[in-house]
Amino acid sequence: MPSALINVPKKARRGDVIEIKALMSHIMETGYRRTAAGDLVPRDIITSFTCRYNGAEIFRADLFPAIAANPFISFFTIARDSGKFEFEWIGDKGFSETASASIAVE
Amino acid sequence: MQQPPSSSRRQFLGLAGGVAVLGVVPVVTVRPAEATPAMLASAIQNVTGGAAVQTGKVKLDIPPLVENGNTVPMTVSVTSPMTENDYVKAIYVFNEKNPQPNIGNFHLGPQAGRAQIATRIRLADSQKVTAIAQLSDGSFWSTSVDVVVTLAACTEEVL
């Protein structure tokens, strides 16, 4: 079961720079490992992560097999308005997950 | 690691002798694939489009000695005022010796407030990790850090 862990401050003052942390459970199979029988294990990774703040994209990452399992990403943004952060992970084998978090800006 | 059961020292030496006679040294690759400095250079070329990359402005925080290459915490920060006219557009992270030269591309903008990202990466060997920042004026800045890895990632067997 894929599950996301999001860390966004619940409250912030307008203009504050806030840190956003996002973790998605995923094996991030590199495609370079072999089974004991010698067969290559097919690649299965998250390739793209996007964060939108009230609909506008504020951060995007292209991920490669060199990102560790259960990809964790932290980044910053300026708290401008109260509203919602939407997170989206897209990957191999049709992987697509979303999560969201809200913030109150005073 | 294990020799096939049929191979023996004698067969091996015979084979090695035969190869020596032919004057061909077989290249034994332990890993099926490994990024080469040329692959790293071309991956960087893809990002910069041939523009000059200057050293500085970028700070790459990564432990110099890593016990387990499967998950290595890494933070990249760039010195930038992050205003509408002067901000970091993207941060690209590369490695030298994983099977692929790319680690991640991170796209930000003036709304970030602070040009800093953190993630956890895999390192298949002791190697150099390079971070390149693309600024809004089109210039590229980079830094590299050498990391020693005792347990490699990526290529172990799945049981």
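Buried here means under 20% relative accessible area, and exposed means over 50%. Keep those cut-offs in mind for this tour of a predicted model.

**Stop 1: A:Met28**

Select A:Met28. At 0% relative accessibility it falls under the 20% cut-off, so it counts as buried. The residue sits in a loop of chain A, between strand E3 (17-24) and strand E4 (34-35). Now check the backbone. Phi of A:Met28 is near 50 degrees, a positive value in a residue other than glycine.

**Stop 2: the whole of chain A**

You will find 0 helices and 9 strands. From the N terminus on, the order is β-β-β-β-β-β-β-β-β. Of the 106 residues of chain A, 48% count as buried.

Next, show contacts. Take those between residues at least 6 apart in the sequence of chain A: 58% join residues at least 24 apart. Then show the surface. Chain A exposes about 5,000 Å², and carbon and sulfur atoms supply 50% of it. Finally, pick out the charges. How many positive and negative side chains does chain A have? There are 13 positive and 13 negative, and the centres of the two sets lie 4 Å apart.

**Stop 3: where A meets B**

Show both chains and select the residues in contact. On one side are 32 residues of chain A; on the other, 31 residues of chain B. The area buried between the two chains is about 2,900 Å², with 53% of it from carbon and sulfur atoms. Now highlight A:Tyr32, A:Ala66 and A:Phe76. These residues supply 23% of the area that chain A buries against chain B, more than any other three residues.

**Stop 4: the whole of chain B**

Read along the sequence, the pattern is α-α-β-β-β-β-β-β-β-β-β-β. Chain B has 159 residues, and 42% of them count as buried. For contacts in chain B between residues at least 6 apart in sequence, 65% join residues at least 24 apart. The accessible surface of chain B is about 8,800 Å², and 56% of that belongs to carbon and sulfur atoms.

**Stop 5: B:Leu65**

Go to strand E3 (residues 65-68) of chain B and select B:Leu65. Is B:Leu65 buried or exposed? Its relative accessible area is 60%, over the 50% cut-off, so B:Leu65 is exposed.

**Stop 6: B:Met82**

Move to the loop between strand E4 (72-78) and E5 of chain B, and select B:Met82. This residue has a positive phi of about 55 degrees although it is not a glycine. B:Met82 is buried, because its relative accessible area is 6%.

**Stop 7: B:Asn98**

End in the loop between strand E5 (88-95) and strand E6 (102-107) of chain B, where B:Asn98 is found. With a relative accessible area of 1%, B:Asn98 is buried. What does its side chain reach? Draw a distance to the backbone oxygen of B:Arg122: the side chain of B:Asn98 reaches that oxygen at 2.9 Å.

Note on methods: Residues are numbered from 1 along each chain as its sequence is written. Chains are lettered from A and ligands numbered from 1 in the order in which they are written. This is a predicted model: local features need pLDDT of at least 70, side-chain atom pairs count only at pLDDT 80 or more; totals for chains, interfaces and linings use all residues. Side-chain values use heavy atoms; hydrogens and water are left out. Helices (H or I, at least four residues) and strands (E, at least two) are DSSP runs, numbered from the N terminus. Buried means under 20% relative accessible area, exposed over 50%, partly exposed in between (1.4 Å probe, protein chains only). Contact means heavy atoms within 4.5 Å. Accessible areas come from the Shrake-Rupley method with a 1.4 Å probe; for residues, only the protein chains shown count as cover. Lys and Arg count as positive and Asp and Glu as negative; His and the chain ends are not counted. The place of a charge is taken as NZ of Lys, CZ of Arg, CG of Asp or CD of Glu. A polar contact is a pair of N or O atoms within 3.5 Å; within protein, one must be able to donate a hydrogen and the other to accept it, and residues adjacent in sequence count only if both atoms are side-chain atoms. Buried area is the accessible area (1.4 Å probe) that two parts lose on being put together, summed over both.
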